[in-house]
Amino acid sequence: MAQQHGIIVLFDVENALRTRSLDGNTYWFDNMKFLGSVGEGTGQLVTIVPGTYFLDGSQATEQVLNWLPAALGAIPPTVPRNYLAEQERAHDRRTLEQLAALGGDGEVSSTEVSRLQQRVGRRPRKQAGGRGLTAAKLLDVTGKATSSAAAYNYPAPVITDITGQAVSEKIIYPAQYGSPDMVYDGWYWAATVDTSRPGVYPYTMHVQLHELVEQNDELVWQSVDLTCESSLKITSDPKRNAFTGAGLGVLPLPAAPPAG
Amino acid sequence: MAEKVSIVVLVDAVGALSDRTLHNGNLSLVDDSPAGSRHQGTPDLITAVVPGQVVQWTPIHVDVQTPVEIEAIEFLSGVAVPPSDAQVFPPPGDPAVPPYPVESPAVAAPDATGSDGYDNHDLLVWEGVVPDYMVPGVPYRYRLSLKLHDGPNSVLHIDSPALLRV
């Protein structure tokens, strides 16, 4: 049975934000190299979609594509998704304990207080209309609260649409689906494929990245919408009977029953 | 008589490849024969069939992104079958068979699994008619070979399933 396609798109978020382009900042990888995908691990992946049809011309195999975004420099997808919230809560609890400990002495030094103030960290606002981000404290790469905009984790990129020739010519029917897999924040993009028209069809992926900017003395996650391209190579071959190489025939049983 | 008997081959490809075996719970065979098959859900399935029925094998993977295809189904003649032998065993010296027409291709068939230069076993339909000459009451064991992806260790087989004419 033909397997579903997994297509991982790995983004170099930092460089993409700096250059305001995904050119050279995406790495595409799929699970179909053994059937003819080319450009694995590059920005020029062509994903093979080997379609099949029955002798009456009807499509015999349902091909399903699944796109999985990933980011260099983001929290690894293996870390539980509530990591940010858990870290934030644990961090607040420790800071409060230390604050309580300070109060017990009567005399509180201002340097101690300002040290704790720094530890509280900052909580960037979500930009109005921004998608896919929940308000959370800014954490650095080690998971500690930080108030420095230079030392944070990039939120994972969000696919917002899939368009282009493959879609407009109705080769693929992409849509976003709910998923119980919180690694992808509960959503994923998938498509089924019409394999009856062989050829190479490019498509455009629309991606939202998030950049931390200082605005009116406040940190704000600002969304940055960019696009990148990949292609599908559709082939189509007839199904054949595996025993005869053509149509239906008798099973190749031995003439005499097996001994024993 | 049911006109068709389906045998579904359930495969945990990752388990089979890492165990290097289709046993250990990595494969399960189930059929829908109404004639009293035995050992449903195991690799030792004996499917009850009658002549004229079409038997079809379909592989299903538990992980949807793992490739699982049937590489070969070879009926065992009592002597051990060397691996990756010819796929077809015509019954020798019996002009009476086959009683069912075998369509021959009008033009030379291309490689049955060739797809744009790549070997694609998804193109194969594993089905055939139960022949009249099958002896009742004797299990005809077959070697079921599965292809999991395409590396040098991708093909695994079991010799335990069988068809039994009732």
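Residues are numbered from 1 along each chain as its sequence is written, and chains are lettered from A, with ligands numbered from 1, in the order in which they are written. Because the model is predicted, local features need pLDDT of at least 70 and side-chain atom pairs count only at pLDDT 80 or more, while totals for chains, interfaces and linings use all residues.

The model scores ipTM 0.79 and pTM 0.81. Two residues are in contact if their C-beta atoms, placed from the backbone, lie within 7 Å.

Chain A has 4 helices and 11 strands. Helices (H or I, at least four residues) and strands (E, at least two) are DSSP runs, numbered from the N terminus. Of the 260 residues in chain A, 30% are buried. A residue is buried if 20 or more other C-beta atoms lie within 10 Å of its own, exposed if 12 or fewer, and partly exposed in between, with C-beta atoms placed from the backbone. Among contacts in chain A between residues at least 6 apart in sequence, those joining residues at least 24 apart make up 63%. Helix H3 of chain A, residues 110–120, is hardly covered, with 0 buried residues among its 11. A:Gly121 follows H3(A) and has a positive phi, near 80°.

Within chain A, an open sheet of 5 strands has the order S2-S1-S4-S8-S7 and mixed pairing. Two strands pair if DSSP finds at least two bridges between them. Strand S2 (26–30) and strand S7 (172–178) of chain A are the edge strands, each pairing on one side only. On average, neighbouring strands of this sheet are turned by 25° against each other, direction ignored; axes are lines fitted to C-alpha atoms, for helices over the stretch in contact, and angles run from 0 to 180 degrees between N-to-C directions. Strand S1 (residues 5–12) and strand S4 (residues 64–72) of chain A pair in the parallel sense over 8 bridges, and A:Gly6 stands opposite A:Asn66 in S4(A).

At the interface, 35 residues of chain A are in contact with 51 residues of chain B. Strand S3 (46–53), strand S10 (218–238) and strand S11 (240–241) of chain A are the elements that give two or more residues to the side of chain A that touches chain B. The residues on this side divide into 18 nonpolar, 14 polar and 3 charged. Ala, Val, Leu, Ile, Met, Phe, Trp, Tyr, Cys and Pro count as nonpolar, Asp, Glu, Lys and Arg as charged, and the others, Gly among them, as polar.

A second open sheet of 5 strands draws on both chains, in the order S11(A)-S8(B)-S4(B)-S1(B)-S2(B), and its pairing is mixed. Its edge strands are S11 of chain A and strand S2 (27–31) of chain B, each pairing on one side only. S11(A) pairs with strand S8 (residues 124–129) of chain B in the parallel sense over 2 bridges. The bridge partner of A:Arg240 in S8(B) is B:Leu124, and that of A:Asn241 is B:Val125. S8(B) is mostly covered, with 6 of its 6 residues buried. Buried residues lie on both faces of S8(B): B:Leu124, B:Trp126 and B:Gly128 on one side, and B:Val125, B:Glu127 and B:Val129 on the other.

Strand S4 (residues 54–61) of chain B runs antiparallel to S8(B), and 4 bridges join them. In S8(B), B:Val129 is the bridge partner of B:Val54. S4(B) also pairs with strand S1 (residues 4–11) of chain B, in the parallel sense over 8 bridges, and here B:Val54 is the bridge partner of B:Lys4.

Elsewhere in chain B, B:Leu163 is found in strand S11 (residues 162–165). B:Leu163 counts as buried because 26 other C-beta atoms lie within 10 Å. Not counting residues up to four places away in sequence, B:Leu163 touches B:Thr47, B:Val49, B:Val55 and B:Tyr140. B:Leu163 and B:Val138, 25 residues apart in sequence, are 8.5 Å apart in space, C-alpha to C-alpha.
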